[in-house]
Amino acid sequence: MDGIHVPVMLDRTLELLAPALERDGAVLVDATLGLAGHAEAFLTRFPHLTLVGLDRDPEALELARRRLEPFADRIHLVHAVYDRIAEVADELGLAPVAGILFDLGVSSMQLDRAERGFAYSQDAPLDMRMDPTSGTTAERILAEYDEGELRRIFQRYGEEKLAGRYARRIVEARESAPLTRSGQLVDLLIAATPMAVRRAGHPAKRVFQALRIEVNAELAALERAIPAALDTLDVDGRIVVLAYQSLEDRIVKRELAARTTSTAPADLPVELPEHAPRFRLLVRGAELAGDDERTANPRSTPVRLRAAIRTRRAA
Ligand SMILES: C[S@@+](CC[C@H](N)C(=O)[O-])C[C@H]1O[C@@H](n2cnc3c(N)ncnc32)[C@H](O)[C@@H]1O
């Protein structure tokens, strides 16, 4: 399995979370277990660590379970969307926890499995569900959303300038035949892109991103998950989040800012304890992967790492 998914910013993630995980009985929640690259490294480095791994993709969980077999007595793997992080930790009797890691987005395994329809470079059914056991598919969205809804998701989740034109073409095309394959959609998008505006990058890139976000309700889940994760952290507990696109990073930045700044009204001469922030940022702004890592693992190129520590209990 090695080489399928190289964990991004692994050393930095270990370094940032380490002070919280060295304590006896420490629990780390890996909210996006994937193929357990990060998880395996943490379990190896911290011999007393208990790990809770969440993933909404049953196939990823099964592969992770096999990889983590040597640590079977220290792990709890749970099939869940990460906005259930607090409930899961509570149900296991492990809250509050010492560390939380989010490594957002899709895994290389999901992209490589052509049949799941995430990659615009391979023809496949238009599915795109991270959890193929539930929820709606990209095919249904393309068949059922009206032109305005399609335009809005391409604009909002793909930041696609040609959103209106692509939405119109999709609605026209589906009148003669349903869009069922990624290859059909890619051909349509290429044909709808004027030569003059063919920018760097594939014309389908943003539309595929937008569909994936819509299919998996990714941003809404993240908006609920970050506050829930912060509430689940113990005092001195640490959180690290790796985001790969600006929409996700903006949510992480906003939620961390909300908890790390004072809520005292500007005109108050002294800050009352209830207004003092309960978290502190561990890195200034967002950190990027180093040049060597970007060269060795291109998946790390867009990554933005943010991290925080809980400094005080809730009032
Ligand atoms: C980038 S991969 C994680 C890779 C992992 N850190 C490793 O080293 O192997 C992201 C994983 O998060 C999962 N995921 C994405 N969104 C999720 C969500 N809302 N809830 C639970 N899991 C999610 C995906 O299914 C995928 O397996």
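Biologist: Which residue of E5 is the bridge partner of Gly99?
Modeller: Arg238 is the partner of Gly99 in E5. Strands here are DSSP runs of E with at least two residues, helices are H or I runs of at least four, and both are numbered from the N terminus. This is a predicted model, where local features need pLDDT of at least 70 and side-chain atom pairs count only at pLDDT 80 or more, while totals for chains, interfaces and linings use all residues. Residues are numbered from 1 along each chain as its sequence is written, and side-chain values use heavy atoms, with hydrogens and water left out.

Biologist: Do E4 and E5 run parallel or antiparallel?
Modeller: Parallel: strand E4 (residues 97–103) is joined to E5 by 6 bridges. Two strands count as paired if DSSP finds at least two bridges between them.

Biologist: And how does E5 pair with E7?
Modeller: In the antiparallel sense, over 6 bridges, with E7 covering residues 304–310. Ala243 has Arg304 as its bridge partner in E7.

Biologist: Why is E5 described as largely enclosed?
Modeller: Because 9 of the 11 residues in E5 (residues 233–243) are buried, the rest of the structure largely encloses that strand. Buried means under 20% relative accessible area, exposed means over 50%, and partly exposed is in between, using a 1.4 Å probe and protein chains only.

Biologist: What about Arg306, buried or exposed?
Modeller: Buried, with a relative accessible area of 11%. Arg306 is in strand E7, and its side chain makes a polar contact of 2.7 Å with that of Asp249. A polar contact is a pair of N or O atoms within 3.5 Å; within protein, one must be able to donate a hydrogen and the other to accept it, and residues adjacent in sequence count only if both atoms are side-chain atoms.

Biologist: Switching to the ligand. Which residues come nearest?
Modeller: His38, Asp55, Tyr82, Asp103 and Gln110, out of 24 residues around the ligand. A residue is near if one of its heavy atoms lies within 4 Å.

Biologist: What sits 2.7 Å from Asp55?
Modeller: An oxygen atom of the ligand is at that distance from an N or O atom in the Asp55 side chain. Asp103 has a polar side-chain atom 2.7 Å from a ligand nitrogen. The ligand alone exposes 610 Å², and the protein buries 100% of that; areas come from the Shrake-Rupley method with a 1.4 Å probe, and for residues only the protein chains shown count as cover.

Biologist: OK, salt bridges. How many does the structure hold?
Modeller: 19, where each is a side-chain nitrogen of Lys or Arg within 4 Å of a carboxyl oxygen of Asp or Glu. One of them joins Asp57 and Arg116 at 2.8 Å, N to O. Asp57 lies in the loop between strand E2 (50–55) and helix H3 (58–67) and Arg116 in the loop between helix H5 (108–112) and helix H6 (138–144), so the pair ties together parts 59 residues apart in sequence. Asp57 and Arg116 are both buried.

Biologist: Which residues are linked with those two in a network?
Modeller: Glu59 and Arg113 are linked with Asp57 and Arg116 in a network of salt bridges. Glu59 and Arg113 meet at 2.6 Å, N to O. Glu59 counts as partly exposed at 28% relative accessibility, and Arg113 counts as partly exposed at 29%.
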